[in-house]
Amino acid sequence: MDLHQLWTIVSVPDNVPIVLLLFVVPFYTWYGLRQAFANDRLITQLEADPVMAKTHHRKIQPWKPGWAKEVHVWPFLLRIEFLAAIIVTLILMVWSITLNAPLEEPSNPTLTMNPSKAPWYFLGLQEMLVYFDPWMAGVIFPSLIIVGLMVIPYIDENPLGNGYYTYKQRKSAILTFIFGFIVLWVSMIVIGTLIRGPGWMWFWPGMTWDHNRLEYMVNQDLPDIFGIKGRLAKNIFGALVMGGYVVVSGWILHKVIAGTKLVVAGKALIKENAFRKKIYARMSLLQYVTMQAMLILMVMLPIKILIRLAFRIKYVWVTPWFNI
Amino acid sequence: MSDLEKDPVVTSSLSKQLLIWTALLMLSLVWGLWDEVYGTRPWKSYQARFVKVYSQFLGKQRPKEGDFEKQIKASAEYKKLDQAMQDAEKAVSAQVREIDRKVNEELVPRTLALNEPFQDLRSEIGALTYQIEITKSESSKNSLRADIDKVKKKVKTAKLPNPDGSTEKKDFTYDQMDRQLQDWKAEKARLLQQRVDLLKPATELRAKRDKFVSDQIADVSADTLAGVQRGLERFDIAIRQIHVKDIDLVDRCESCHLGTREPVTLTKAAMGGEAVFTSHPDKELLKIHDPDKFGCTPCHGGNGVAVASTVKAHGRHTYWLWPMHYPENVQAGCQQCHVKEIVTEMADSLNAGREIFRLRGCMGCHRYEGFDHEPEELTSVNQEIRQISQQKAEWEREIGFTTKKADTTRDNNEAQRLYAHADNLKVRISGLDAKTEQLDMRAASLIREVKKVGPSLKEVRMKMRKEWIPVWLQDPNKWRPGTKMPTFRLDNEEIQAISAFIWQSGVTGIVPTQSNGDPTRGREAFETRGCMACHSMGEGNEKQGGTFAANLSRVGEKDNHDYLVRWIHNPRERTAPYCSFEKRDLTADDYKKKGLPYVFDLDHTKCPNDGHELQVQQMTPMPSLRLTIEEARDIAAYVETRKHVDFNYPAADYMDDPKLKARGQFLVRYYGCAGCHEISGLEEEQRIGTELTKEGSKPLERLDFALLGHEAQAEKAPSKDDTRGWYTHKGFFEHKLQDPAIYDKGKEKPNKLDRLKMPNFNLTKPEIDQVTTFLLGSVDSTMPERYHYEPSDARQDIIDGWWVIAKYNCMGCHQVHVGQSTVFMKLARYQDPDWKDQKPPSLIGEGSRVDPAWLMRFLNNPALSETDTNRDGVRPYLKARMPTFSFSDGEIRKLVRFFAALSSQATPYIVPKLVPISDQERVMARQLFSSEGAPCLKCHATGDPKHDQRATAPNFLLAKERLKPGWTERWMLHPEMMAPGTAMPSGLFRRDGDRWVFAGPTPASFNNYPKDHADLLVRYMFQFTPDELNRLRSSAAAGAGR
């Protein structure tokens, strides 16, 4: 256990936000979900008691009969926000006094630093470069992330959950978000910051970042594993595999979105869901297709990471223009 | 609604939390302010402390200086000067007062009063004149001119003040005013000049009085101290920075290092133990490199802008590329601009580092610009010669074509043009020939200049017993502690193969058999002829002599007598000449085939096969002492007695095994032996190491710390303001020099050839520091080119000359610059009073002493004779002897210009014309020369062998050609100033009015002689003839007989 190394990594001013992230993201996820579950219990209570539902529209916990239905922004919201502003200012003050801007030496065009890392908020993208062709990881995925975020309001047909935390009413939205943000974005940033060392090699926390480290690793393209030769054959094979993936994942995702039952070997993997059925019925074809495409691509990312790490597969589909 | 349970959103209070957090926020604000004002500005507290300790120091110092000054001022001398000054002032005071009154009370107020109306009119006229200039029509111009005349005729009344306070009204026109003002101004100037003239004696006396005081005080006067103290009282706590706009440099070092440039010398003890406030230790250096022009960080390193902490300001953290040098390496800063030099004044440690790099053979493997450049230069000269000959052939062809074309053309003009073109080409070809001639000479020079660090290994078969070689290779430093040869990490197999290759590749030749000499005489010769200026003898504490060449204490164990005699007699003598064109040693057969005698020496340097320049010398800097063969035998005999009694080398029959040769050659090439030694078949080998010219600025990441990188980073640095451990350039160099294999530590390298091959030079700690200093300074300088020391005047000659001086170890015998000691000065024998004057002469001021043309001849042949070479041309009375170095023309030129430049002499030297000496003057001078008051010939050599045995100074016959008259006169007047401790008597002349006269009794003929006696003697000496010498000698003999 190289504590000197660990401390060096953790204490670099550049990495302080990431260390904070490690604690803050789980905490607020938990905190938000706790509120959501409390509200869900209230929702159940209100649904069970139509009289109360009529008189008490406050949708958040804690709640007691007789409390005001609504409170004013001023002072009840603003004073809390003011307190929050004070606390955040205090944190920023202390931070800026104790940690200086992480300036390093003047850049030298003939000497690349190793590891050479992007700013922390881009480290997720940089980590993706390990698994995908730069064209994919550097251009296509970032664009799709932006496009995907932009289309959310247009494909979201669920009207519930405005102005209050709820898990029950927005289960799929919350799970998708947790998957996209925490699994695909934050954890990749954490890996890129704390785990990736010289040569962009995988160093567990506490391992010495040794510049001399060598690792034997051979990555192969999927067609090569199957012994397929010839450019055209490889191309066709890759396209077939990708097509297969799209069909299978699309089919499973469809079952989820549409809320229909999926039975595999006599076991119900996905149960029927009346709520989702209702939402699905409201969606137009365009909304549905967009959502499907985004979800298929989103799921592809961890699958690719997994097969790269587990089976040393470099690319599945190799073409002269792009590789997946 | 239940009152008990109020809605917490509405009823809960946040005041407590708001209070706490607001208080914390306020605290952070205070913290932030403190951090802003003090936390990130530690220099403020430094400045406050400085004012405190400095005031205390001055408080203690001032009364001391004050008392001392009071004493001086109480002295009679001071009082006399003061009185004289005051008398002079008093004598003119009435006149001065009158002038002051007139100027200040009359002229100035009246001028001011009149100036006002005058300026008024002048601006009016100016405006009108401008209108004339821009008006087009002549009539309007005329009308404007008329307006000007009108203005000029206007009468203005001026109120002129009188000295008594009343005013006087007076009318003026413009012209009158102008005239009046001019008159007053002239009057004022006249009066002021008069005032200056009146006060001149008093001013001069005051300066004299003040100088008397300042001459008595070594450091600073009480007045200065008081000034400093007054300054401290008004001390302003602020950043102190040097801004050199020119190079975009901002250095704030003096914000903390406040004592650096104080007029008082501040020591650590005086400043309460705070080293940060001490003065710069070398004021002389600061005079040359004024901090206002050079800043601090260009020399010292560090981050001049940073003031937030010592770590940042000193730049000793990972991200500052130019960290401050440690004290032991501080001279690294010199190297970046003085990169062309081998000797830099005031940088002893850097000089030592460069010398190790040169002398110990680092440059054999590592290229460094300027070091051992001759082989490269030779290649480029040869290249140029080839290009010129191609050009010549091309032009010759063109001449042929052009002429042919001109012969056949019908157009007369065209034909003439073509002929002219052909003629031009012919003339240009002759220019090429001249250039080729110069290049050929340069190539011949360069071949002479190429030297190797180690001895030639071609000669081993004749030179030594072979069993010694493997023993030596095992650990040279063990066999001969302090040797130049480094220790390679060789195993037995490698040693055997290398020895076998060296032995088998040696050339064979015949060395004349020599009879034995007399070791006792040999020892005397060895110790007195000058061998010890380079070589040392004796082991351990008994070691005596120079370190430039090998210690000879065990030579008797290995060398052959015959070869050794030849070597001592003339070390440059080669067994066979080497042709770099054919890349082999020539044999007698090569000469025989061409019908030539097998003769090769400095006069026969052309290859019989292809006409190229041959290497006809051993590439050693060791010179010939022009000893007789008998003396060489004696010295050899003496050296051979030097051996361990119990030496015993195991038999080495494998060295004749031809199977080992190929492997040996591979290893010799692999380890780069040819970098320092001349080896058959490997003469044209390239250097095997990395170039070090810019090693100090190589990115740290490119220095291979191998597995030690993390250890280096985690270990403690030599200073607490350093956060980098020894993961620095300094650390890398020091560890590498200490143990060149260190970066192989822990590495898995089963193949020996993969391991680091740099051998261990067994350097001591100070030597490591010196080399590290040199390497740390070897950077891509951050200073612009014009700051580099590349003078275009005579100083360049000094730079060039030092390389030659260092190359041939001139400083082993001679003092070349002030304060330098020679090997001779330290030898035990020369401490004896009888031997003191036997030391080789000092060369300080040599350039002003000797005629450069003579010096050139002397350096070329120090015997100053073609036939009688067993002598020293100038000082035959010295046992030590100026050897023949066989300098190349280029080296002689450099040396002569070096000495001239060191003594600020103009080049070329034009011999001054002296007034011819009259017959009468000659008689007078002759009488003085042989008089008892000036027994010149007692010490100076005369050419009479009996007399010269006791002579201790050169022959006068040499003076005319050798010396410069100006120097000769200065020498006669004050020899003790030029060479303290010289045998030449001082005070021979005394000042009489504006001439020098002989101080002792003068012959009667000197009565009524009005001219300068010293000058007379100089003229006499410079018009000296052998006849005159004989005449003198006989009269001196007669005088002695009397």
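The model is predicted. Chain B has 42 helices and eleven strands. Its radius of gyration is 41 Å, well over the 31 Å that the globule rule gives for 1042 residues, so chain B is more spread out than a compact globule.

**Overall build of chain B**

- Taken along the principal axes, the C-alpha atoms of chain B fill a box of roughly 135 × 120 × 95 Å.
- Of the 1042 residues of chain B, 31% count as buried.
- Take the contacts in chain B with a separation of 6 or more: 70% of them come from residues 24 or more positions apart.
- The domain assignment of chain B begins with domain 1 (12–38), domain 2 (76–227) and domain 3 (374–449).
- It continues with domain 4 (460–671), domain 5 (792–902) and domain 6 (919–1041).
- Between the C-alpha centres of domain 2 and domain 4 of chain B, the distance is 87 Å.

**Nonpolar cores**

- The largest nonpolar core has 85 residues.
- I568(B), I635(B), A636(B), F899(B) and L1017(B) have the most contacts inside this core.
- Helix 34 (residues 889–902) of chain B gives the most to this core: seven residues.
- Another core lies apart from it and has 25 residues, including A332(B), C334(B), W726(B) and L775(B).
- In soluble globular proteins, nonpolar side chains tend to be buried together.
- Leaving aside neighbours within four places in sequence, L1017(B) touches two residues, A925(B) and M972(B).

**Contact between chains B and A**

- Chain B puts 27 residues into the contact, and chain A puts in 24 residues.
- On the side of chain B that touches chain A, helix 1 (8–11), helix 2 (15–39) and helix 26 (709–714) of chain B each supply at least two residues.
- Helix 2 of chain B gives the largest share of that side, with ten residues.
- By type, the residues on this side of chain B are 16 nonpolar, seven polar and four charged.

**Helix 27: a mostly covered helix**

- Helix 27 (residues 729–738) of chain B has ten residues, and eight of them are buried.
- The buried residues are H729(B), K730(B), G731(B), F732(B), F733(B), E734(B), K736(B) and L737(B).
- Helix 26 and helix 28 (765–777) of chain B are among the elements that cover them.

**A three-stranded sheet**

- Three strands of chain B form an open sheet in the order 8-7-9, with antiparallel pairing.
- Strand 8 (584–585) and strand 9 (614–617) of chain B are the edge strands, and each pairs on one side only.
- Strand 7 (residues 573–579) of chain B is joined to strand 8 by two bridges.
- C579(B) stands opposite R584(B), a residue of strand 8 of chain B.

**The loop at H289(B)**

- H289(B) sits in the loop between helix 8 (283–288) and helix 9 (291–294) of chain B.
- H289(B) has 17 other C-beta atoms within 10 Å. Buried takes 20 or more, and exposed takes 12 or fewer. H289(B) is therefore partly exposed.
- Beyond neighbours within four places in sequence, H289(B) is in contact with F294(B) and C299(B).
- H289(B) and C299(B) are ten residues apart in sequence, and their C-alpha atoms are 9.5 Å apart in space.

Notes:
Residues numbered from 1 in each chain as written. Chains lettered and ligands numbered in written order. Predicted model: local features only at pLDDT ≥ 70, side-chain atom pairs only at ≥ 80, totals over all residues. Core = buried A, V, L, I, M, F, W, Y, C linked by C-beta atoms within 7 Å. Helix = DSSP H or I, 4+ residues; strand = E, 2+ residues; numbered from the N terminus. Contact = placed C-beta atoms within 7 Å. Nonpolar A, V, L, I, M, F, W, Y, C, P; charged D, E, K, R; others polar. Domains from an automatic or database assignment. Rg over C-alpha atoms; globule rule 2.2 N^0.38 Å. Pairing = 2+ DSSP bridges.
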